[in-house]
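Subject: Structure handover

Hi,

Here is the structure I promised to pass on. Please open it beside this email and follow along.

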Amino acid sequence: MSFEELDHTADYLFRCRGRSPEELFSESARAMFSIMFENNDANNVGNNGTDNGTDSGSNNCSNNGSNADSDAVRVKKEIEVESDSLSNLLIDFLSELLFVAEVDCLVLSGVKPKITGNSLKAEVFGEPFVPEKHGGGTEIKGISRSGVEIEEISEDDGIYYQAEIIFDV
Amino acid sequence: MIDKINKISDVEWELKEGFMPNMSVPARIYISELLAQTLEEGAATQLANVATLPGILKYSLAMPDVHWGYGFPIGGVAGFDADTGIISPGGVGFDINCGVRLITTPVKASSNEMPKIKRLITELFHTVPTGVGTHAEKKLNEKELDDIMNEGAGWMVNNGYGNPHDLIRCEDNGCMKGADTAFVSKKAIARGIPQCGTLGSGNHFLEVQKTAEIMDEEAAAKFGVEKDNLCIMIHCGSRGLGHQVCTDHLKEIEAATKKYGINIPDNQLACAPIKSDEGKAYFGAMAACANYAWANRQMITHMVREVFCKIYGTEYDELKLVYDVCHNVAKFEEYEIDGRRKKVCVHRKGATRSFGPNSPDLPGDLVSVGQPVLIPGSMGTPSYLLKGTAAAMEKTFGSTCHGSGRVFSRTKAKEGMSGQEIKEDLEKRGIFVKATSNKVIAEEAPDAYKSSSEVVRVVHDAGISLKVARFEPLGVIKG
């Protein structure tokens with residue numbers, strides 16, 4: 001499905017859509033990753049570095065002797081999140097991904113969530129952050145807890161789940 | 001937007017009670033007609049919503065750099081009765097103790113400074129970890145992190161990353177009382193351990209500037225600022241530690257809002273009584289993050305001194321801290337309200353403390369002048385040093401603006417000039433920019449912000465802080 005950036009003065013506002021709650025969650029995650037890194041596309045992850053006109057500073061957390069041209073190590077992680085409503089589950093899920101990406105220094109490229117009630121288990125895919133390859137992006141400070149309401153929208157071609165999310169940067 | 005608000009003076013406007021339902025005090029906005037043209041309805045609504053919160057005193061306040069934020073508007077100030085009022089993470093923001101410090105150097109900028117500035121900026125860029133996914137050179141252990149959260153900048157100075165004079169020139173001497181690390185989660189600790197001494201990204205920066213103009217000779221002399229000298233400005237906060245603490249406590253406080261039956265017009269205004277367990281827990285964790293942020297800026301200062309001394313041949317202690325202010329915080333302060341001295345929990349969300357002469361917490365040599373106030377410009381625009389005033393103590397809970405404030409979104413900014421074009425344009429104007437990404441440069445385009453000069457003019461004319469000096473950028477590092 002899709003995610004789309006809307007106008008917001010201070011932060012990033014995204015409208016995310018999916019055919020199922022699971023797809024809505026994975027699209028919301030993709031929206032978030034697109035802010036954090038310039039090259040986070042699943043197709044790109046695993047390819048060699050590209051010249052993106054960016055510059056890397058010092059002490060990048062994951063370049064332990066590796067370089068942009070080496071074969072990327074694919075990483076798979078599992079996360080579990082529980083909440084008190086589906087909307088809050090979406091916020092808590094994104095907050096958990098943010099935590100994993102930062103602490104493990106991963107560029108996340110895909111998520112496969114499985115939702116049961118107000119809890120989820122998800123497989124998260126990514127690779128260690130290499131600045132020359134992934135480019136600089138913007139750190140996300142947090143996910144706004146307001147305005148996130150999951151809507152069910154009926155259109156000609158079926159039902160969509162939609163949410164608008166503010167990422168505080 | 002401006003037609004819906006009442007003019008008090010050229011720089012002060014009011015939203016009366018009734019602008020939004022259940023306001024218990026009016027709202028005041030310090031703004032000019034020029035800046036009001038870009039005032040968003042959302043920001044005014046947020047400002048009015050804050051006026052509905054329990055225990056709010058006098059006014060819900062907005063500074064001229066006001067814009068739409070999370071819960072409280074950015075540029076918002078609100079004081080709550082310490083006995084009956086609330087504390088709200090949305091009134092502080094995700095980046096707890098995001099702040100600014102200014103360091104002066106003994107070096108006069110020459111007319112051909114650019115080659116050396118380029119060397120300096122390049123070296124600083126490779127020394128100070130900047131941007132997404134960077135870790136500090138010194139990895140702390142849990143005990144050290146705990147000590148830092150209790151001791152703030154003082155921990156850094158005691159461990160060789162600064163000098164005692166630095167602490168005198170920090171708000172709260174670089175250490176906020178009341179930190180309680182028991183309320184800082186394991187996740188927050190995991191994020192805090194590798195990041196003390198990193199700049200971050202977005203609007204955070206490290207800038208080399210030249211003192212371009214002195215407006216108040218006496219205050220400038222007291223603050224240690226001389227015309228034409230090179231200065232360094234650092235803008236950053238408590239990094240992932242603060243972000244995680246805000247995320248964790250927002251959830252707790254949201255539940256507390258319901259538990260204590262507090263009616264809020266917007267979930268983002270989730271709050272708890274100051275004296276409740278949840279309120280105390282948030283305050284303790286927030287103060288711990290504030291201390292970490294001061295230590296973070298202190299560590300960066302240490303790196304800056306070492307690099308600067310190597311390139312310019314100066315001594316470490318010749319680089320002096322003018323002051324360090326925090327602009328995202330909630331603090332207990334005392335004010336005279338209706339003839340009575342009251343303890344107030346002041347929330348500053350994108351606003352700077354602006355204590356006037358003879359206020360508490362001012363170092364002895366600055367008691368007669370007032371507190372140094374630092375207002376960073378956006379990339380490529382001037383920054384300002386001001387001084388706090390008695391008028392701020394009366395009108396704005398000792399507060400003033402914090403920066404320029406965005407006028408348009410990052411999306412719109414990216415539709416304009418590319419990062420590379422902006423970089424080249426700035427270099428033609430004598431400003432060398434180094435960033436981890438051209439995307440960040442495009443998003444932080446100077447045009448995306450209000451004019452820092454107009455913002456500062458308004459606070460000066462309103463008397464809530466007075467101009468002392470203006471600084472022009474020569475080199476910028478963006479994360």
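Which residue takes a positive phi just after helix 4 of chain B? It is G152(B), with a phi of about 65°. Helices and strands here are DSSP runs numbered from the N terminus (helices are H or I, at least four residues; strands are E, at least two).

Some ground rules come next. This is a predicted model, where local features need pLDDT of at least 70, side-chain atom pairs count only at pLDDT 80 or more, and totals for chains, interfaces and linings use all residues. Residues are numbered from 1 along each chain as its sequence is written, chains are lettered from A and ligands numbered from 1 in the order in which they are written, and side-chain values use heavy atoms, with hydrogens and water left out.

**Helix 4 of chain B**

Helix 4 covers residues 142–151. Its buried residues are E144(B), L145(B), D147(B), I148(B) and M149(B). Buried means under 20% relative accessible area, exposed means over 50%, and partly exposed is in between (1.4 Å probe, protein chains only). An α-helix has 3.6 residues a turn, so residues three or four places apart point the same way. The buried residues of helix 4 pack against helix 5 (153–158), helix 7 (186–192), helix 9 and helix 10 (277–312) of chain B. N141(B) caps the N-terminal end of the helix. One of its side-chain oxygens lies 3.1 Å from the backbone nitrogen of K143(B).

**Chain A**

Chain A has three helices and eight strands. Along the sequence the pattern is β-β-α-β-α-β-β-α-β-β-β. Chain A has 169 residues, and 56% of them count as buried. Take the contacts in chain A (heavy atoms within 4.5 Å) with a separation of 6 or more. Residues 24 or more positions apart account for 68% of them. Chain A exposes about 6,900 Å², and carbon and sulfur atoms supply 41% of that. Accessible areas come from the Shrake-Rupley method with a 1.4 Å probe; for residues, only the protein chains shown count as cover.

**Where the chains meet**

In chain A, 46 residues are in contact with 53 residues of chain B. The area buried between the two chains is about 4,100 Å². Carbon and sulfur atoms give 47% of it. Buried area is the accessible area (1.4 Å probe) that two parts lose on being put together, summed over both. On the chain A side, T9(A), K141(A) and R145(A) lose the most area to chain B, together 19% of what that side buries.

The rule finds 11 residue pairs in polar contact across this interface, both residues at pLDDT 80 or more. A polar contact is a pair of N or O atoms within 3.5 Å; within protein, one must be able to donate a hydrogen and the other to accept it, and residues adjacent in sequence count only if both atoms are side-chain atoms. Strand 1 (2–6), helix 1 (21–36), helix 2 (86–103) and strand 6 (142–143) of chain A each supply at least two residues of the side that touches chain B. Helix 2 gives the largest share, seven residues.

**Salt bridges**

A salt bridge is a side-chain nitrogen of Lys or Arg within 4 Å of a carboxyl oxygen of Asp or Glu. Six cross the interface of chain A and chain B. Among them, R239(B) pairs with E139(A), with the closest N and O atoms 2.9 Å apart.

D92(A) and K251(B) form a salt bridge too, at 2.8 Å. This pair runs from helix 2 of chain A to helix 9 (residues 239–259) of chain B. D92(A) is buried, at 9% relative accessible area. K251(B) is partly exposed, at 33%.

Within chain A, R19(A) bridges to D157(A) at 3.3 Å. The two are 138 residues apart. R19(A) sits in the loop between strand 2 (12–18) and helix 1, and D157(A) in the loop between strand 7 (151–155) and strand 8 (158–168). R19(A) is partly exposed, at 38%. D157(A) is also partly exposed, at 46%.

**One last residue**

E14(B) lies in strand 2 (residues 12–15) of chain B. E14(B) is buried, with a relative accessible area of 12%. Its side chain makes a polar contact with the side chain of R28(B) at 2.9 Å.

Best wishes
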